[in-house]
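Here are my notes for your first read of this model. Keep the structure open and check each point as you go.

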Amino acid sequence: MLLKSIHHSLDELLYLVDQLSDQDYSKSCPALSNATIGEHTRHILEMFQCLENSYDLGILNYDNRERNNQIQTETEFAKKCIASVKKGLKSENKIIYLEQIIDGLNIRIQSNYYRELLYNLEHCIHHQALIKVAVLQFENIFVDENFGVARSTIEYKKQCVQ
């Protein structure tokens, strides 16, 4: 179910990116401190890429992302990256050590692949909500009403309607 939800969120992102020109994709949005849809998309994808690249070694540090400018400026390249992330998702869970330097100290805690996938899904949805704000500046771009909405919120709203 987790992989299905991730695929769904990435498919929604792909559908959005497919509607945008490179110019619109990299247009600053004042409501987001002048960030762009492309910057948020890059951030989402690089977090997944970082997890994928750390799978075999089992040591994950999200601060060691590539920060590839091409992802945030070229829609065709971003779409290829989305497809690559989807293809690279693993189905087998395993222990992973999450590492980060905080206040000069190297912190390492035990996690696991599924926990980090769940984190990345929630992180993706959070950034999709921000992207949705940027999409409001365009008239002919369509996003689903649930784009950027947490799965638990969607389920809660369904229960309220019944």
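This is a predicted model: local features need pLDDT of at least 70, side-chain atom pairs count only at pLDDT 80 or more; totals for chains, interfaces and linings use all residues.

1. Start with asparagine 53. This residue counts as exposed, because its relative accessibility is 64% and the cut-off for exposed is over 50%. Asparagine 53 sits in helix α3.

2. Is threonine 41 buried or exposed? Its relative accessible area is 0%, so threonine 41 is buried. Set aside the neighbours within four places in sequence. Threonine 41 is then in contact with Leu13, Val17, Tyr25 and Ile131.

3. Next, see how α3 meets α5. Two packed helices are described by the angle between their axes and the distance between the axes. Here the axes of α3 and α5 come within 10 Å and cross at roughly 35°. The crossing of α3 past α5 is left-handed. On the α3 side, Leu45, Phe48, Gln49 and Glu52 make the contact. On the α5 side, Ala78, Cys81, Ile82, Ser84, Val85 and Gly88 make it.

4. Turn to helix α1, residues 2–18. Which residues of α1 are buried? They are Ser5, Ile6, Ser9, Leu10, Glu12, Leu13, Leu16 and Val17. Look down the helix axis: these buried residues fall within an arc of 150°, so they line one face of α1. The face turned away from that buried side carries the exposed residues Lys4 and Asp18.

5. What do the buried residues of α1 pack against? Their partners are α2 (22–25), α3 (37–54), α5 (75–88), α6 (113–135) and α7 (151–161). Trace each of these helices in the viewer.

6. Now the interior. In soluble globular proteins, nonpolar side chains tend to be buried together. In this model, the largest nonpolar core has 39 residues. Leu10, Leu16, Ile37, Phe48 and Ile131 have the most contacts inside it. Two or more core residues come from each of α1, α3, α5 and α6. Which element gives the most to this core? The answer is α6, with eight residues.

7. Isoleucine 131 deserves a separate look. Leave aside its neighbours within four places in sequence. Isoleucine 131 is then in contact with Leu13, Leu16, Ile37, His40, Thr41, Ile44 and Phe147. Threonine 41 from point 2 is on that list.

8. Check the backbone at two loop residues. Serine 33 is found in the loop between α2 and α3. Its phi is positive, about 55°, although serine 33 is not a glycine. Serine 33 is exposed, with a relative accessible area of 69%. Aspartate 103 is found in the loop between β2 (95–102) and β3 (105–112). Its phi is also positive, near 50°, and aspartate 103 is a residue other than glycine. Aspartate 103 is exposed, with a relative accessible area of 78%.

9. Lysine 27 is found in the loop between α2 and α3. How far apart are lysine 27 and glutamine 137? In sequence they are 110 residues apart, and in space 9.9 Å, C-alpha to C-alpha. Beyond its neighbours within four places in sequence, lysine 27 is in contact with Ala35, Thr36, Gln137 and Phe138. Lysine 27 is partly exposed, with a relative accessible area of 39%.

10. Finish with phenylalanine 142, in the loop between α6 and α7. At 48% relative accessibility, phenylalanine 142 counts as partly exposed. Leaving aside neighbours within four places in sequence, phenylalanine 142 is in contact with Tyr15 and Gln19. Leucine 98 is 44 residues from phenylalanine 142 along the chain, and their C-alpha atoms are separated by 37 Å.

Notes
Residues are numbered from 1 along each chain as its sequence is written. Side-chain values use heavy atoms; hydrogens and water are left out. Helices (H or I, at least four residues) and strands (E, at least two) are DSSP runs, numbered from the N terminus. The expected span of a helix is 1.5 Å times one less than its number of residues. Buried means under 20% relative accessible area, exposed over 50%, partly exposed in between (1.4 Å probe, protein chains only). The arc is that of the directions from the helix axis to the C-beta atoms. Contact means heavy atoms within 4.5 Å. A nonpolar core is a set of buried Ala, Val, Leu, Ile, Met, Phe, Trp, Tyr and Cys residues joined through side-chain atoms within 4.5 Å. Axes are lines fitted to C-alpha atoms, for helices over the stretch in contact, and angles run from 0 to 180 degrees between N-to-C directions. A crossing is left-handed if the near helix is turned anticlockwise from the far one by less than a right angle, and right-handed if clockwise.
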